[in-house]
Amino acid sequence: MTLTELRYIVAVAREKHFGRAAEACFVSQPTLSVAVKKLEEELDVKLFERGSAEVSVTPLGEEIVRQAQAVLEQAQAIKEIAKRGKDPLAGPLRLGVIYTIGPYLLPDLVRAAIARVPQMPLILQENFTVKLLDMLRTGELDCAILAEPFMDTNLAMAPLYEEPFMVAVPRSHPMAERDAINAEELKRETMLLLGSGHCFRDHVLEVCPEFARFSSDAEGIRKSFEGSSLETIKYMVAAGMGVTVVPRLSVPPEPHPYIKFIPFEGHPPTRRVVLVWRRSFTRYEAIAALRNAVYDCPLEGVTRLSE
């Protein structure tokens, strides 16, 4: 039994597909499949049920995969302890960021991190919250920048900033002349939403819960459309297809020729952005340096948070 084989079965359990697991481990599918079969033969148990479309983990396999995750994390901890004894800021830091934060924070963050800790390059991974949490648990990531809430109480966490939302409307829309918009007014509009899996979609539905029904004949609602990213949604707004809600950092610094970004009236809806990491992660100085690099970013229109 090797750590490589344990890494393979954890990847298969996460991806539920041998091909995608092989890609995630940077090996060929035959190499991964042979290693998994070898481990199953050594343990004399069946870890996975191979279906035509998806691979499922057997009940006993689930228990073994959980233990494999713990072993991999402990093996990584040995490396982290050794690194920390030399220089906790030396070596790369594997950082995950959700899709609705990455494009708007990372350019400034990478520059700030290079200026502050050039010996600690960032290895970046953009993904959905659920996927990033899985990668944190399995040790594939060291830390992640997420938006609350999320279902995990076993991670250490530090607040970064609170970000207000704004309404994006076409410049040809009657509301484009407004200085502020009430959330109630959005019920009468064609709302453009992110697709399932994006936590920001849930944040928007908290502001406008009526759109959760996705019913074209629901009272006071015309219809809703979905997009794959915030930038795609903005193009749809620019084309006059509807309105949407966006986080403040995604608003461009210069006026957009086809979109007007308008604040909410009164206390705007917000999201709380946090930095999370495994409690067993030993490079505390690296986490502190990353957090300070975030605070070095302009963060226009958001409120920085401290402990």
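**Entry 1: terms and the largest pocket**

The model is predicted, so I ask for pLDDT of at least 70 for local features and 80 or more for side-chain atom pairs, while totals for chains, interfaces and linings use all residues. I number residues from 1 along each chain as its sequence is written, and I use heavy atoms for side-chain values, with hydrogens and water left out.

I looked up the largest pocket. Its volume is about 670 Å³ (the space filled by probe spheres set on the grid points, which are joined across faces, edges and corners). I find 27 residues in its lining, with R7, A24, R94, G139 and E140 nearest the centre. Which elements supply at least two lining residues each? I list α1, α2, α4, β4 and α6 (129-137). Helices (H or I, at least four residues) and strands (E, at least two) are DSSP runs, numbered from the N terminus. Helix α1 gives the most, 7 residues.

I sorted the lining by class: 13 nonpolar, 5 polar and 9 charged residues. Here Ala, Val, Leu, Ile, Met, Phe, Trp, Tyr, Cys and Pro count as nonpolar, Asp, Glu, Lys and Arg as charged, and the others, Gly among them, as polar.

**Entry 2: the largest cavity**

Next I turned to cavities (sets of grid points where a 1.4 Å probe fits but cannot get out). I count 3 of 30 Å³ or more. The largest cavity has a volume of about 50 Å³. Its lining is L192, L193, L194, F200, R201, V204, L230, I233, T244 and V245. Two or more of these residues come from each of β7 (191-194), α7 (199-207), α8 (230-238) and β9 (244-247). By class I note 8 nonpolar, 1 polar and 1 charged residues.

I then checked α8 itself. L230, I233, K234, M236 and V237 are buried there (under 20% relative accessible area; exposed is over 50%, partly exposed in between, with a 1.4 Å probe and protein chains only). They cover an arc of only 160° around the axis, so they sit on the same side of α8. The arc is that of the directions from the helix axis to the C-beta atoms. G240 follows α8 and has a positive phi, near 85°.

**Entry 3: helix α3**

I compared the length of α3 with expectation. Its 15 residues (29-43) should span 21 Å at 1.5 Å a residue, and the end C-alpha atoms are 21 Å apart, which agrees. The expected span is 1.5 Å times one less than the number of residues.

Which residues of α3 are buried? I get L32, A35, V36, L39 and E40. The face turned away from the buried side carries the exposed residues P30, V34 and E41. The cover over the buried residues includes α1 (3-15), α2 (18-25) and β1 (48-50). D44 follows α3, with a positive phi near 60°.

**Entry 4: helix α5**

I ran the span check on α5 (102-116). Its 15 residues reach 19 Å from first C-alpha to last, close to the 21 Å expected at 1.5 Å a residue. G102, Y104, L105, L106, L109, A112 and A113 are its buried residues. Their cover includes β3 (93-98), β4 (122-127), β5 (143-147), β6 (155-170), α8 and α9 (284-296).

**Entry 5: single residues**

I took contact to mean heavy atoms within 4.5 Å.

M166 lies in strand β6. Its relative accessible area is 11%, so M166 is buried. Leaving aside neighbours within four places in sequence, I find M166 in contact with T244, V245, V246, R248, V251, F261, I262, P263 and F264. M166 and V246 are 80 residues apart along the chain, yet their C-alpha atoms are separated by 5.4 Å.

N127 lies in strand β4. I read a relative accessible area of 12%, so N127 is buried too. With neighbours within four places set aside, N127 contacts V97, I98, Y99 and L132.

Where is P92 placed? I find P92 in the loop between α4 (59-86) and β3. Not counting residues up to four places away in sequence, P92 touches P121, I123, D142 and R283. P92 and I233 are 141 residues apart in sequence and 34 Å apart in space, C-alpha to C-alpha.

Technical notes
1 Å grid on protein atoms, 1.4 Å probe; cavity = no way out; pocket = protein on both sides within 12 Å on 5 of 7 lines; lining within 4 Å.
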